[in-house]
Amino acid sequence: MIGTGILKGMAVTLRNFAGSYFEKDRLITVQYPEERIPLPENYRNFPFLIYDGDDPQAGLRCVACKICEKECPPQCIYIVKSDDKKPDYMGKPQFYPKVFDIDISVCMSCQICVEVCPFEAIKMDKEFELSKRERFNHLLLRQEELSKPNEYYHKICPTDAAEVDAKLTATSEAAAKKKAATASAKPVALAAPPVSTGPATSTRSS
Ligand code: SF4
Ligand code: SF4
């Protein structure tokens, strides 16, 4: 019959309208921005860079290897590698990005940059309120805006952040053990007696 679909649709609307007074699940909208629905942990928007410690420069995990720049499908990452090395937050000399920009007007939030980074230096952010008053360049995020502390990553993705921390700790402990084993093996090798190359001969005659 003509109009049955419209009547069915209106019945659904009416049921949800009346039901919303009794069932919270039927209220599918919230009074944004006063009210906010918590974002799921796997929600992602645009990438950001992680730094350890308090200093965004010294603690930046990125070593400007440029893998993410090469793999980014729309080519929206731009990196200039440093000429020198600087100590990271643990005092180890590392290259660093002199420039690290992401054009988020082109970024398609695919997360490939995150997956290819060998240093756990780039992760996906959940920040979506990015509007600004300026008309130009506000969609080009510079290194200063992209750099955020590891604590922030723990806040937005606690499960992933804990896994990454455990992995990095295990890697650095394994490296420290290997270094200690190499250092302790050297004095033994130096102290060992020279290896004999043939049978001993006697010069005494009876
Ligand atoms: S974010 Fe990761 S993959 Fe990209 S340049 Fe830095 S260390 Fe390399
Ligand atoms: S999320 Fe995808 S498109 Fe965006 S910067 Fe990373 S690799 Fe490029």
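User: How many nonpolar residues does the shell around ligand 1 have?
Analyst: This is a predicted model, in which local features need pLDDT of at least 70 and side-chain atom pairs count only at pLDDT 80 or more, while totals for chains, interfaces and linings use all residues. Residues are numbered from 1 along each chain as its sequence is written, and chains are lettered from A and ligands numbered from 1 in the order in which they are written. A residue is near a molecule if its C-beta atom, placed from the backbone, lies within 6 Å of it; those around ligand 1 include Cys62, Lys66, Phe119 and Ile122. Ala, Val, Leu, Ile, Met, Phe, Trp, Tyr, Cys and Pro count as nonpolar, Asp, Glu, Lys and Arg as charged, and the others, Gly among them, as polar, and by these classes the shell has no polar residues, 1 charged and 11 nonpolar.

User: How many polar residues does the shell around ligand 2 have?
Analyst: Among the 14 residues around ligand 2, Cys72, Cys107, Cys110, Ile112 and Cys113 come nearest. By class, the shell has 12 nonpolar residues, no charged ones, and polar residues numbering 2.

User: Which residue in β6 is the bridge partner of Leu49?
Analyst: Strands (E, at least two residues) are DSSP runs, numbered from the N terminus, and two strands pair if DSSP finds at least two bridges between them. β1, residues 47-51, pairs with β6 in the antiparallel sense over 3 bridges. The partner of Leu49 in β6 is Ile122.

How values were computed. Helix = DSSP H or I, 4+ residues; strand = E, 2+ residues; numbered from the N terminus.
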